[in-house]
Amino acid sequence: MKETAHIEVRNLAMAYGDFIVQRGLDFTVNKGDIFVVMGGNGCGKTTLMRALVGLQRPAAGSVLYSGEDFWNAEAEAQQRLKRRLGILFQGGALWSSLTLAENVALPIAEYTGLTPARVDEIVAFKLALVGLAGCENLYPAELSGGMKKRAGLARAMALDPDILVIDEPSSGLDPLTARRLDELIMELRDSLGTTIVVVTHELASILSIGNNSIYLDSESRTMIATGHPQDALKNGHPKVRHFLTRGGST
Amino acid sequence: MRGAEAWQLDVRPSGADDPATLVIVLGGRWRIDQHPPAADSLQARLTAPVRQIRFDASELDDWDSGLLTFVSGISRSCAGRDIAVDGSGLPPGAQRLLAMAAAVPEQKLAARDPGPQGALAQVGTATLEFVHGAPQMLGFLGELVLSLLRLVAGRARFRARDLWLEIEEVGPRALPIVSVISFLVGLILAYLGADQLKLVGAQIFIADLVAIGMVREVGALMTGIIIAGRTGAAFAAQLGTMQVNEEIDAYKTLGISAFDFLVLPRVLALMLMVPLLTLYSAFIGMFAGLLVSLAIFDIGAFEYYTETLRALEFKQFAVGLSKGTVYGVIVAFAGCLRGMQCGRSAEAVGHAATSAVVTAILLITIAASVMTIVYYQLGI
């Protein structure tokens with residue numbers, strides 16, 4: 001796979017009022033990467049995700065998509081960039097007044113102008129892909145946590161985005177379902193070339209799917225570049241090794 | 001290379017000697033934004049001599065879900081007609097994604113949407129809901145009484161801080177809206193009365209009308225309705241959201257009475273504050289009456305004042321305050337009941353808030369009528 005920068009984060013800082021969550025974030029996500037953002041609880045992983053997808057303006061720095069600066073772009077250009085993103089929120093964030101099929105269909109119907117029959121076909125396929133075939137008419141309130149997460153992924157993939165940003169894909173899932181989700185994520189990268197940013201602290205996921213990563217340290221409030229998680233496990237920064245071995249190596 | 005050209009589709013038998021095998025040749029860009037064709041367009045070709053389908057994707061430049069849904073649609077049609085589908089000609093990535101989509105069999109979770117109901121069925125459902133709801137309401141009332149008894153016995157457990165916060169929220173913070181509405185209602189009463197009393201030259205009795213009207217009836221009723229919309233809905237939404245977040249279950253599992261902890265402070269706050277708001281509302285209404293009398297009907301301020309004092313007896317205040325207290329309890333009851341009954345979704349919270357206001361206003365109106373009749377019969 002050729003190495004082209006897809007997302008570039010330059011000297012990014014995020015803050016809530018005076019409280020700086022993270023600063024000096026500087027990394028590049030290449031096309032077709034599965035890029036893992038890891039770190040302990042409360043280190044700013046989700047805040048970074050919100051800055052990447054346009055939900056929270058960073059305090060400083062820039063986020064570039066294929067060279068285009070998101071936060072300094074016109075509203076129209078931002079809208080265009082957002083359409084290339086698929087986002088899976090931590091709790092699924094499904095719209096509770098819509099059925100699963102309607103949840104997935106909404107972005108497709110909104111942006112593609114396909115006929116309802118074609119939209120339904122795509123919806124059925126996406127739901128089958130995440131293992132939810134036949135659940136089209138259920139409401140989110142009727143789903144288990146794992147099903148909500150998978151349905152959220154189906155919605156995130158609805159428009160075949162270039163970039164998928166996933167917050168905690170496997171938290172709350174049983175190991176087999178989590179594994180299946182990981183496999184699906186890898187498959188999306190391999191077959192469609194989707195660039196994937198995964199925010200997670202699930203060790204199994206980090207080590208099996210990631211091919212590049214950063215570690216957000218909550219003490220120094222900045223990142224430690226770690227490269228391939230498997231390399232980081234062998235000879236990375238001590239803090240990262242400590243994290244990846246569940247405190248086993250210091 | 002074709003580059004940016006749109007999708008191409010060609011269907012032909014694999015050879016003159018092999019009419020049983022159909023080859024689907026895919027080319028160009030099979031992406032959703034190119035609006036590729038649906039699988040239905042090939043239905044006519046999937047007939048009699050065809051026993052097998054192959055794909056030729058050697059000319060395919062680019063693809064996404066547009067291709068995948070097309071192929072999965074064809075597979076579905078073929079499965080029903082006993083035609084074998086050989087996907088080995090597809091891009092390897094597409095083959096793997098199609099296999100993944102087919103890996104988990106369709107779940108037989110029947111849709112629970114019963115479809116539209118006839119008018120009669122709707123009446124029946126609504127009646128059943130009401131019949132089933134009544135015992136729940138009574139049960140809630142019973143729990144409320146038990147909880148109040150525990151409070152009197154000094155065994156109810158809740159945090160004093162919660163009570164003070166609720167009192168501040170439902171009392172002082174409601175003053176602006178209560179002021180505006182009471183002032184305007186007082187004004188309306190004064191105009192209405194003056195118009196009629198002018199006919200018999202007894203305009204001074206505007207003071208009696210406004211004073212007795214506001215203190216006995218209208219002050220409490222207006223306050224009750226304002227509080228139903230303002231606080232009853234808030235209670236239902238708060239408790240409903242707690243229900244969604246499983247906070248109420250968390251109290252239950254710890255053996256803490258969610259009722260004492262959440263419902264009791266709210267009921268107490270309204271029980272204490274609504275009578276005070278009623279009183280305040282009555283005074284604001286009388287003030288509006290005074291202004292109208294002064295400005296429009298040439299009644300002196302002192303005259304109005306003495307006439308008001310003459311009209312008001314202690315029993316008028318007792319009636320007004322008793323009504324205010326009852327309305328307060330009704331609003332708290334309806335808000336907390338609907339909140340605790342709330343389902344586990346955002347929609348359910350909205351429904352709980354609406355239902356709390358409707359229930360509260362309905363019960364207030366019924367209580368107002370019953371109490372008016374009872375007080376009249378008792379001669380109070």
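The model is predicted, and every value below is computed from it. Chain A contains 9 helices and 10 strands, and its radius of gyration of 18 Å is close to the 18 Å that the globule rule gives for 250 residues, so chain A is as compact as a globular protein of that length. Chain B is assigned two domains, domain 1 (8-103) and domain 2 (144-378), and its contact with chain A takes 28 residues from chain B and 24 residues from chain A.

**Overall form of chain A**

- Taken along the principal axes, the box filled by the C-alpha atoms of chain A is roughly 55 × 45 × 40 Å.
- Buried residues make up 47% of the 250 residues of chain A.
- When the contacts in chain A between residues at least 6 apart in sequence are considered, 64% of them join residues at least 24 apart.

**Domains and a helix pair in chain B**

- The C-alpha centres of domain 1 and domain 2 of chain B are separated by 69 Å.
- Helix α3 (residues 119-152) and helix α8 (residues 258-295) of chain B have axes that come within 10 Å and cross at roughly 85°; because angles of 65 to 115 degrees count as roughly perpendicular, α3(B) and α8(B) are described as roughly perpendicular to each other.
- On the α3(B) side the meeting residues are E143(B), L144(B), S147(B), R150(B) and L151(B), while α8(B) brings F259(B), D260(B), V263(B), L264(B) and V267(B).
- Sorted by class, this contact of α3(B) with α8(B) has 6 nonpolar, 1 polar and 3 charged residues.

**The side of chain B that touches chain A**

- With 28 residues of chain B and 24 residues of chain A taking part in the contact, at least two residues of the chain B side are supplied by each of α1 (65-81), α2 (92-103) and α11 (346-378) of chain B.
- The largest share of that side, 6 residues, comes from α2(B).
- The residues on the side of chain B that touches chain A divide into 11 nonpolar, 9 polar and 8 charged.

**A buried serine in chain A**

- S205(A) is placed in helix α7 (residues 203-209) of chain A, and it counts as buried because 25 C-beta neighbours lie inside 10 Å, where the cut-off is 20 or more.
- Apart from its neighbours within four places in sequence, S205(A) is in contact with P169(A), S170(A), A178(A), D182(A), V198(A) and T200(A).

**Positive phi outside glycine**

- N11(A), which is found in strand β1 (residues 5-16) of chain A, has a positive phi of about 50° although it is not a glycine.
- N11(A) has 12 other C-beta atoms within 10 Å and is therefore exposed, the cut-off for that class being 12 or fewer.
- E246(B), a residue other than glycine, has a positive phi near 65° and is found in the loop between α6 (206-244) and α7 (247-253) of chain B.
- E246(B) is exposed, because 12 other C-beta atoms lie within 10 Å of its own.

Terms used
Residues numbered from 1 in each chain as written. Chains lettered and ligands numbered in written order. Predicted model: local features only at pLDDT ≥ 70, side-chain atom pairs only at ≥ 80, totals over all residues. Helix = DSSP H or I, 4+ residues; strand = E, 2+ residues; numbered from the N terminus. Rg over C-alpha atoms; globule rule 2.2 N^0.38 Å. Contact = placed C-beta atoms within 7 Å. Axes fitted to C-alpha atoms, helices over the stretch in contact; angles between N-to-C directions. Parallel < 35°, antiparallel > 145°, perpendicular 65-115°, else oblique. Nonpolar A, V, L, I, M, F, W, Y, C, P; charged D, E, K, R; others polar. Domains from an automatic or database assignment.
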